[in-house]
Amino acid sequence: MASLRTNLTEWHARRGDLVAALGLAEGGVEVDVSWISGTFVHIARLWPLILLGKLCITALLHVPFYEADNIGHALALSAMLLVDGVAIVAPRGAAFQRLRPHHQKWLMLPMVMLSGLTFSVMLGSSLLTDAPSRNLVAEMAVALMAVSIFGDRRLLGVGYFTGLLVAAIVHRADFTQIGLLISCIAVMMVAALRQANADMNRAILFHQRDLRAQRSDRLLHEYEQSGRGWFWETDRHGCIAYISDTLARTLDRTSEALIGRPITEIIRPGDRQDGDGERTLGFHLSARTGFAEIPVRAAMAKDERWWSISGQPVFNEYGQFHGFRGSGTDLTEMRRSQAEVNRLAQFDSLTGLANRVQMMRSLEQAVAGKGGRPRDCTLMMLDLDRFKTVNDTLGHPAGDALLRQVSQRIQRVVGDKGLVGRQGGDEFKILLPGRPDKVTLDHLARAIITDVSQPYTVEGTAVVIGVSVGISFCPQDGVTAEELIRNADLALYAAKGDGRGVYRFYSPEMHAEAEDRRQLEEDLRRALVEDGLHLVYQPVVSSKTERITGYEALLRWQHPVRGAISPTQFVPIAEDSGLIGPIGEWVLRTACRDAAQWADDVRVAINVSPIQFANPGLPSVVMNALAGSGLAPQRLELEITESVFLTDGDGTDSMFSRLKGLGVRLALDDFGTGYSSLGYLKKAPFDKIKIDQSFVRGAAIKGSRNSAIIKAIVSLAEALGMDTTAEGAETQDELALIRQLGCSHIQGYVYGRPVPAQEVLVQQHRHGGHIAPQGFQSSRPERKTMFRTVTVHHDGHVHTGRIRNISATGAQLEGVWAVPEGTLFAIELSENQIVNAVARWSKEDRMGVEFTHSINLSALRAAPRSLAS
């Protein structure tokens, strides 16, 4: 029985909700019919279309609007106009809109019924003698217009058709017309009930959602009032749209004062010491990604306060971004506790060595002496060589494992002589009390370099790195911790500049060198802006036709004070300072513009720095340079070194693909001198391999292995379908050897030095672009000019002679007359150095001799001055 009563109660409640959804009764708890009111204003605004339709149809049916002898027709027309006028004006009135929704519905129903009734009466009273189908068609046309205006308020359509039905009954219409109208009323009634049922279900759903929202609001309000947390919301521009009163009070502001301000204004900028929470938050806000528990510091609070902020981006159903919504909690007390813990934590978590904080404090204590006089101490700064390569190739976990092994070796070498700490990354510090003698410090530095440079095993892979060391002393090199660190860094920089894997003591000259480098960097920036750089072009010649096929663009800098500065000096500065990007872009534009004036079959080659190659925007720079100059892409050749393959493989492959997509040629520069690996040649789309000049120079000298290396490179290039260019050819015999070995192109002083752009045009017009070799006939080893007295032994006789110039393989000798060619004798160059020699030519008291084996010129230069005359 209880179940039956419950079902009956639910049925009555649902029936009441359905009647309310039809707009015929007051809305209940779960069904609010306030939305119905808005539709009546919309209907009233469109009702003039119904009146216009009635008038037009009346005119089309030739029904007169006025007949003097037909008072009924005039009354029907007046009634129709009155009813439709009320339907147009009344729903817009304030009095009507103040009524309850169901009262408005009850007023609208008779209004639309009278509209249909008066229209039908007007037509019927005028056409009683005509066929009834004309009246029906006219009435149905207007009725359909009315129904379309009523929209989902289909009960009004029932009222309009009811008016037509009443008029048809009054006119005694036939059964067909009455049946059609009754059918329309039935269809509209079913549609009205279905629409009301859908409206009722939707209203119930909205009501339930509203209840949940109210419940959530109450819970959130209680949570905010408890002080345990707060909430915030931003618009799509990052400005605060909502913020809890709790947080506003913490900032001594009102919520209204914070609304509309960027959320980043209430957060202080992050730094490395306090954490980069603000930078991380800014990244997520700009990237529109969710974040959780980011620690940030308040910017507007009177005292230092820390928050933990979480948030999620808000998108609508179409994926449009609306802003962020999130929460926050106060971390101030927890951060204060953590600060105390961090103060106690003095050791690096990765290596177990003293961390940066402890090392700085220990250095300050070591420097500070009694009575304001600094104490003796020694600071060693260590930086690992080639460590980044390990990180890039094996990953950061392998790099961390390597750092642990390195720290153990350093600690083992130093022992109890001093304090070892990790500065961060791959940098270490060693603090030694007092000032050890030079010999002890030399032994310690060498031992560290030797031990650290021994091979490691990391994740089953053999790894070899090195270390450079810079050393400064207190008080000689500084009386504060900052001065010692700065000067040790300068010494470390000098060690790296001297080839790495060495140690250097600080000297005052290093400041001058650092300042000179800084000044050179400023001058280079100025030269780039003021067109102080220029290009010269060195011809690349076909080995078969001796025709110039292209030019390599070479960067030059004529300093207004220092004169010509070598690229080997200023290019590394450009790479370190970030200038290589704009300089490289300038070179591309200038070289392409110059090359556009050359013959159509002459290419231009441009060197690309590994830093430029790693820039994703390089293809765009190349494309802009080609477009600006009008140079055909196939006439541009980009020379790339092997070092680009040390970076990310996917990025490197993508860059090669994008460059080749532009149609330019790619050349592998300085092959064999860098990180040579035949593996990348399988996939890298090179068109040419450039053989480094270190293999070309001296290749024609007897006993040199360079020719075999050149031959191997040529064979490899031919197998891969690539051209070859031999760089650095200077003599006729080198030129002949290169041709014999099969190189397709030659570049070097044998065909001329680099020339300005104007001279390039002259070369191309001279002899049709052909060029003749010039220079020495044969290669000669390095010769040194000297004037040294030596003893010559031959066939038991001793002669005194003088050496005018000498190389590792021969010399020019004076003082011995008429020596036949081919004579073998011994020359005593010094007390401990005798070399056998053969006379190759002789003229009066001068002759040229060839040593039977090469000598060490550096050892000869170190001979005592007593040997010289």
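Reader: What makes helix H17 and helix H18 count as roughly perpendicular to each other?

Author: The crossing angle. In this predicted model, the axes of H17 (residues 481–497) and H18 (residues 509–529) cross at roughly 70°. Angles of 65 to 115 degrees count as roughly perpendicular. The value falls in that range, so the two helices are called roughly perpendicular.

Reader: How do you know that H17 and H18 meet, and which residues make the contact?

Author: Their axes come within 10 Å. Contact means heavy atoms within 4.5 Å. From H17, the contact is made by Arg486, Asn487, Leu490, Ala491, Tyr493 and Ala494. From H18, Met510, His511, Ala514 and Arg517 take part.

Reader: How do the residues of the contact of H17 with H18 divide into nonpolar, polar and charged?

Author: There are 6 nonpolar, 2 polar and 2 charged residues. Tyr counts as nonpolar under the rule used here, and Tyr493 is one of the H17 residues in the contact. Arg counts as charged; Arg486 and Arg517 are both in the contact.

Reader: Why is strand S6 called largely enclosed by the rest of the structure?

Author: Buried means under 20% relative accessible area. In S6 (residues 377–385), 9 of the 9 residues are buried, so the strand is largely enclosed by the rest of the structure.

Reader: What makes both faces of S6 covered?

Author: Buried residues on either side. Cys377, Leu379, Met381, Asp383 and Asp385 lie on one side, and they are buried. Thr378, Met380, Leu382 and Leu384 lie on the other, and they are buried too.

Reader: Which strands does S6 pair with, and how do you know that they pair?

Author: Two strands pair if there are at least two bridges between them. S6 and strand S8 (residues 427–433) have 7 bridges, in the antiparallel sense. S6 and strand S11 (residues 466–474) have 9, also antiparallel. Both counts meet the cut-off. Met380 shows the two pairings: it stands opposite Ile430 in S8 and opposite Ile471 in S11.

Reader: What makes strand S19 a partner of strand S18 and strand S20?

Author: Bridge counts again. S18 (residues 665–671) and S19 pair in the parallel sense over 3 bridges. S19 and S20 (residues 723–727) pair in the parallel sense over 4 bridges. The cut-off is at least two. Ile689 of S19 is the bridge partner of Leu668, and Ile689 also stands opposite Thr724 in S20.

Reader: Which residues of S19 point which way, and are they buried or exposed?

Author: In S19 (residues 688–691), Lys688 and Lys690 point one way. Ile689 and Ile691 point the other way. These residues are all buried, the lysines included.

Reader: Why are S2 and S3 called edge strands?

Author: Take the sheet first. It is an open sheet of 5 strands, in the order S2-S1-S5-S4-S3, with antiparallel pairing. Strand S2 (240–243) and strand S3 (291–297) each pair on one side only. That is what marks them as the edge strands. Neighbouring strands of this sheet are turned by 25° against each other on average, direction ignored.

Reader: How do you know that S3 pairs with strand S4?

Author: There are 5 bridges joining S3 to S4 (residues 306–315), and the strands run antiparallel. At least two bridges are needed.

Reader: What share of the protein chain counts as buried?

Author: Of its 869 residues, 44%. The chain holds 28 helices and 27 strands.

Key:
Residues numbered from 1 in each chain as written. Predicted model: local features only at pLDDT ≥ 70, side-chain atom pairs only at ≥ 80, totals over all residues. Heavy atoms only, no water. Buried < 20%, exposed > 50% of the residue type's maximum accessible area, 1.4 Å probe, protein only. Axes fitted to C-alpha atoms, helices over the stretch in contact; angles between N-to-C directions. Parallel < 35°, antiparallel > 145°, perpendicular 65-115°, else oblique.
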